[in-house]
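Reader: Hello! Could you take a close look with me at one kind of side-chain contact here, the salt bridge, and go through some pairs one by one?

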Amino acid sequence: MLKRLFAVIPVAAVFTITHAQNTATDTYIKEGIRLYDNGDYKAAKEQYIKALAIDSNSSTANYEMANTCFEMQEYQNAVNYADKVVKLKSPDSEQAYVIKGSALDMLGKPADAVDVYKLGIIIFPQSHLLYYNLALTLFNNKGDNKEIEDNLQLALQLNPLHPTCHLLMGYLMVNEGKRVKALLALYNFLLLEPNTGRAAKALNLLYAQLSKGVKKENEKSTTINLSLNKDDGDEFSAAELMLSLLEASKGIEKNKDKTENELFIDNTASFFQVLGELKKDNKDFWWT
């Protein structure tokens, strides 16, 4: 009986110690997250250091540390902790690839960042954030426009409700001179994020695209310049022409007493009505 009793005690003791360690680690992590959410990154980092002192293989503590270091602009530290998360093959690995790639980009190593995102995509092919961040790094470093668009399309197919994807797509299409596509992306962004500083800038960009190529010479003369993108063929040519005609019609008699908001609403409704009539059974990304 004594032997059996003594055999049990060490196991129970180990369990108690391990449980206490896990509890302490979780407590430090939770406090760190609270401090992080309040913007006190330095204090949050101190909590994660305490957690890692108890359990250096805590994937959550390593991930939160990587995230916090990134916010503190300690980019190399962010890379190091993200590597630890990936090595542990934890559920946080997907986000760790995002943090590592972003940190490498901030360190002036965009090619390395691209490699990290592509590796992450192989492991997590359903991660819209990896596709988005890959597109963003390529966009900021003058990468291939088709590759950028392809990755943004994949990101949006995985998560159509990611506003920043739509915004980046809008900027890309503006740069490429694809007016209708730029408008579609900007409208989607504004539907998802209508009340931020980014939304104000996006709205101004949308206004600029609506009025593009239309110049009022005087009270009786308006010039319309159409520059259809050859890469798009005639896909949106009717909508492109209609946009210019709508912009030019702002000065006609029936519209002269309307506010800018009223004209915007009318022109937006007409724009999407025409697109609806043109779509038919087209299953292309831009139409759906």
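Author: Lys118 and Glu147 join their side chains in a salt bridge, at 3.4 Å from N to O, where the term stands for a side-chain nitrogen of Lys or Arg within 4 Å of a carboxyl oxygen of Asp or Glu. This pair links distant parts of the chain, 29 residues apart, with Lys118 in helix α6 (residues 110-123) and Glu147 in helix α8 (residues 145-158). Helices here are DSSP runs of H or I with at least four residues, numbered from the N terminus. Lys118 is partly exposed at 38% relative accessible area, and Glu147 is partly exposed at 26%; buried means under 20%, exposed over 50%, and partly exposed lies in between (1.4 Å probe, protein chains only).

The model is a predicted one, so local features need pLDDT of at least 70 and side-chain atom pairs count only at pLDDT 80 or more, while totals for chains, interfaces and linings use all residues. Residues are numbered from 1 along each chain as its sequence is written, and side-chain values use heavy atoms, leaving out hydrogens and water.

Helix α8 also holds a pair of its own: Asp150 and Lys146 sit four residues apart, about one turn of the helix, and their side chains form a salt bridge of 2.9 Å, N to O. Asp150 is partly exposed at 33%, whereas Lys146 is exposed at 56%.

Elsewhere, Lys100 meets Asp83 in a salt bridge of 2.7 Å, N to O. Lys100 belongs to helix α5 (residues 93-106) and Asp83 to helix α4 (residues 75-88), so this pair ties together parts that are 17 residues apart in sequence. Asp83 is partly exposed, at 32%. By this rule, the count is nine salt bridges.

Methods:
Helices (H or I, at least four residues) and strands (E, at least two) are DSSP runs, numbered from the N terminus.
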